[in-house]
Amino acid sequence: MNKPEALPLLQPVVGRPLPHESAHLHVSGAAPYTDDLPEPAGTLHAALGLSPIAHGRLVAVDLERIRRQPGVVAVLGAADIPAENNCGPLLHDDPILAAGELRYAGQPVFAVIATDRELARRAAALARQVIQAEPLPAVLTALEAHAAGQYVLPPMHLTRGEPAAQLAAAPHRLQGRWSLGGQEQFYLEGQISLALPQEGGEGMLLHCSTQHPSEMQQLVAHALGWQAHRVAVQCRRMGGGFGGKESQSALFACVAAIAALKLNRPVKLRVDRDDDFLITGRRHGFDYRWDVGFDADGRILAVDVDLIANAGHSADLSAPVMARALCHFDNAYWLPHVAMHGYCARTNTQSNTAFRGFGGPQGAIAIEMILDGVARRLGLDPADVRQRNFYAAGQDVTPYGQQVEELHAQALTAQLLASSRYAERRSEIAAFNAASAVLKKGLAFTPVKFGISFNVVHLNQAGALVHVYTDGSVLVNHGGTEMGQGLNTKVAQVVAHELGLPLSSVRCSATDTSKVANTSATAASTGSDLNGKAAQDAARRIKARLAALAAERFGCAAELVAFEGGRVSGGGQSLSFEDLVAAAYLKRIQLWSDGFYATPGLHWDKTRLQGRPFYYYAWGGAVCEALVDTLTGENRITRADLLHDVGASLNPAIDIGQIEGGFIQGMGWLTMEELVWHPVTGLLTTHAPSTYKIPTANDCPTEFRTELFGMANASETIHRSKAVGEPPLLLGFAALLAIKDACAACGPEGCDPPLRAPATAEAVLDAVDAVRG
Ligand code: MTE
Ligand code: LUZ
Ligand code: MOS
C-alpha cells in the first residue's frame, strides 16, 4: 500500500464541457451506423412496394410479376406474416403490410427481397402496375375529418373553473383560428434494420436504428409468433432519431425479420429518403379555434380552445402526444378558467408520431399566438402581456392539477430581456421600420416551460449494467440509445464520477435488449435523467463492495473511503483503483452490478387528465429579431438570444449544442419546412430535400447567443441537472413571432397579421397583403 500522496488538483468529470464520446468519429466519418456494419455472406436486401392511392379496397397484387424481376429472391405480402400483422405501439391498428384496405399513398403493400438493394428497389417500383384496388373517397385534412367526426381516438377534454361564464363576463374578448403545419424528423440516417437469423432460425438478432430496442424486440416477436427471448435487438448509435424512430422503426424491423426468417438468410432493409418520407409519419400538424376573455392589461381571464391534430391513418402515439399538447397549452402562464378540447383526426395520410417536444410545442404555441393577438388588440408590448400572465406564487397550479414548484419565468425573463437589450431594440426597430418601406424588422420574446417525464407513469423507469474489469477499466450498458444527443457521454461521466475515475476509464457499449431488459424508449428527454440514475445505482453498488474491502485494509470505516482521481483512500492511506479492483477479484468480490431507477412521486389519471405527470419543469426564453423583405416575402432571423434552464449541467458543451440545435429545429418547423399533399391524389409532394427545406448553417442567426440559466434543479435529479433534449425546440416560437411582428409593421397600428406557420415567403406575403388591406 502506498503512502498517501498529494492529489493533483482534480477536475470534476461531471459538469465539465467534455466532447461527445464519438465526436472524433463523427467528424472523420468513421463512426459506424447500422448500414456500415459488415454484411454477412449471403445478405439479401429488401425494398417496399407502396400504395399508389390514398384510400381504397385492395383487390389483388400480382406478386408473381414481381417475383420474375431480375435479382428477386422472394416477395412477401400480408399473408406471409407468420403471426400478427401489426407494428403499432399502443393500439393494434397499424398493419406492417396492407391487408384488405389501402389507407394512404405510400403505405407498404409488399416487400421485395433481392440479391442487391438496387434490384429490390427496381422491382418494388412496379407497385403501381401490380396493385389492383378500388379507390374510395380519401380524407386528407384534419378539418375535413373533424367535420365528419372521424378520429383515431376518442376526443380528450381538460377543463378548469367555469370558462363559459368567465368568458361571457370578460371585459375583452377575442376569437381566432389558426393553422400549423407538421414537420419531418429528417434524421440524416434513414430508417434501417438488418435481421440476422440465429441458431438455425430459432433466434433473430436485429441491428436496428431505433430509439426503442425493447419495443422492436416485442413487435418483431409478435409478428413472428415467438416469445421475446428469441429476439435480440442492438443499436450502437443512430444518425438522429428526433422521435421518428421511437415507434416507427418497427415496420422496417418487422419486415426485415419476417423476410430473414422465411429465407433463413440475413436481410437488410434500408429505405431510400423518398420512401422514408412516404412511409413514415412525422410531427402532427394542428388546427386551432379559440375564444379568449381578458382584462385591459391583457391578463387572461378565461379561454376555450379546440386543438385538432392530423393523426393520419392510425393511432400510433397520438394519445400521449395529444395529452402532452393539452398539458402544455398553459406554457408558462396561469390560466384561471380554461377548457381544452383535443381531437386526433383520422386522415388518409402517414400516421403522425413523436417529434421533439411530442405535442408540447403544438400545445404551447397556441397560447403564444393567443397572447400575441391579445397584446396587439390592446396596443401593448407582447413581452409585457406575457410577463403579466406568468405563473406566480398563489397562481401556480396547472389546469391538470400539478403545482409548479420552481417559478423561474420571472427571473429568467428579466435576465434575458436585459442581456438582449429588448426594450432599446424595440425602439431602434420602430425607428428603422418608420424609415424603411420594403424591408421591415420585427422582435419577439417567448418563454418556455416544459414538463419532464413520460406522461405515462410506468415508462419512467430504467436499468443499467456496469462491469468493472480486473484492470480497473469500466464498461457501461444502459437502456438508453445514443442518437447524437450525448447520452452515452453523460452516463459515462456519471459512472466515472461515482468511481473517482477519469472519463477515459469508462466506455458505454451498444444498447442491447439481452443486456438490459424491458427498457423504455429513449424519449421524453428523459434519457440522462433515467439512465444516468440507473447507472449511478449500479456503480454505487460496486463501489460499496470495494469500499468495504478498502476499509478492511485501511482499518477505517467504509464511509470514510473516498474514490477520487483514480485512487481510493481512507484512514490516511491510499491505493490505486486498479490495485483495489485486482485485490477484490482475488477475494472473489463481485465486480459488476445492475442498477435500476424509477422516477418518484408521479401519478396520472388519464381519463380525467389530472395528477402529477411531470417530475419537474425545464424553463427557457428566447428573443429573436427578424428581417423581412415585404415585396418577396423572404425572411431571416438576424439575431437570437437564448437563455435556457438545464439545472446544474452535466455537460455544458453538450447542453449548449442541444439548445442551439433545438432552437434551429423549432425555427425550421415554423419558418420554412412545408409539407404539401396533393389535394386530389393525397400523395406527399414534398418528399425529398429538393422540395422540403430544412434549415442549414446559412439560416443560423447572424448573431446567435446562447446562455445557460444556471440554477440547480430543485428536484433530486442526477447531479441536480435537467433534461435538455426537447425543451429548446420551443425557443423557436420567437422566430415565428418576430416575423409576424415585422409583418405587423406593414399595416395600421394594432393590426394582427394572419401569419400561418410555416412562415414561408408565400405565407409572409399573404399576411402582409392582409394587413395592408
Ligand atoms: N439530438 C440529436 N443530436 N439527435 C436526436 O435525434 N432527439 C431529440 C433530443 N435531441 C435528438 C437530439 C429528442 S426527440 C429527444 S426525446 C431527446 O434528444 C432524447 O434523448 P435524451 O432523452 O437523452 O435527451
Ligand atoms: N409520453 C411522453 C410518451 O411524454 N413522451 C414520449 O415520448 C412518449 N412515448 C410513448 C408514450 N408516452
Ligand atoms: Mo423525443 S419526440 O421524445 O423522441
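Which side chain has a polar atom 2.9 Å from a nitrogen atom of ligand 2? That of Asn 455. The notes below take up this site and several others.

This is a predicted model, in which local features need pLDDT of at least 70, side-chain atom pairs count only at pLDDT 80 or more, and totals for chains, interfaces and linings use all residues. Residues are numbered from 1 along each chain as its sequence is written, chains are lettered from A and ligands numbered from 1 in the order in which they are written, and side-chain values use heavy atoms, with hydrogens and water left out.

1. Ligand 2, polar contacts. A polar contact is a pair of N or O atoms within 3.5 Å; within protein, one must be able to donate a hydrogen and the other to accept it, and residues adjacent in sequence count only if both atoms are side-chain atoms. Glu 246 places a polar side-chain atom 2.4 Å from a nitrogen atom of ligand 2. The side chain of Arg 324 has an N or O atom 2.9 Å from an oxygen atom of the ligand. The protein covers 95% of the 290 Å² of accessible area that ligand 2 has on its own (Shrake-Rupley method, 1.4 Å probe; for residues, only the protein chains shown count as cover).

2. A residue is near a molecule or strand if one of its heavy atoms lies within 4 Å of it. The residues around ligand 2 include Leu 317, Pro 320, Phe 358, Ser 453, Phe 454, Val 456 and Leu 459. By class, the shell has eight nonpolar, two polar and two charged residues. Here Ala, Val, Leu, Ile, Met, Phe, Trp, Tyr, Cys and Pro count as nonpolar, Asp, Glu, Lys and Arg as charged, and the others, Gly among them, as polar.

3. Ligand 1. Of the 18 residues around this ligand, Gly 241, Phe 242, Met 483, Gly 527 and Gln 658 come nearest. The shell divides into four nonpolar, 12 polar and two charged residues. Taken alone, ligand 1 exposes 510 Å², and the protein buries 92% of that.

4. Backbone geometry. Most residues other than glycine have a negative phi, and most peptide bonds are trans. Phe 242 is not a glycine, yet has a positive phi of about 55°; its place is in the loop between β11 (231-235) and α8. Helices (H or I, at least four residues) and strands (E, at least two) are DSSP runs, numbered from the N terminus. Ser 525, also not a glycine, has a positive phi of about 65° and is found in the loop between β20 (511-512) and α16 (527-554). The peptide bond from Ala 757 to Pro 758 is cis, with omega near 5°, and Pro 758 is in the loop between α19 and α20 (761-772).

5. Is Phe 242 buried or partly exposed? Phe 242 counts as partly exposed, at 28% relative accessibility, whereas Ser 525 is buried at 11%. Buried means under 20% relative accessible area, exposed over 50%, and partly exposed in between (1.4 Å probe, protein chains only).

6. Two aspartates. Asp 272, in the loop between β12 (267-270) and α9 (273-279), is buried, with a relative accessible area of 17%. A polar atom of the Asp 272 side chain lies 3.2 Å from the backbone nitrogen of Asp 274. Not counting residues up to four places away in sequence, Asp 272 touches Arg 117 and Arg 121; contact means heavy atoms within 4.5 Å. Asp 741, in helix α19 (residues 733-744), is buried at 10% relative accessibility. With neighbours within four places in sequence left aside, Asp 741 is in contact with Arg 376, Arg 426, Gly 442 and Leu 443.

7. Ile 258. This residue lies in helix α8 (residues 250-263) and counts as buried at 4% relative accessibility. Beyond four places in sequence, Ile 258 touches residues including Leu 76, Ile 81, Ile 96 and Leu 224. Ile 258 and Ala 221 are 37 residues apart in sequence and 9.9 Å apart in space, C-alpha to C-alpha.

8. Cysteines. The structure holds zero disulfides, a disulfide being a pair of cysteine sulfur atoms within 2.5 Å. Cys 254 is buried, with a relative accessible area of 1%, and Cys 344 counts as buried at 4%.
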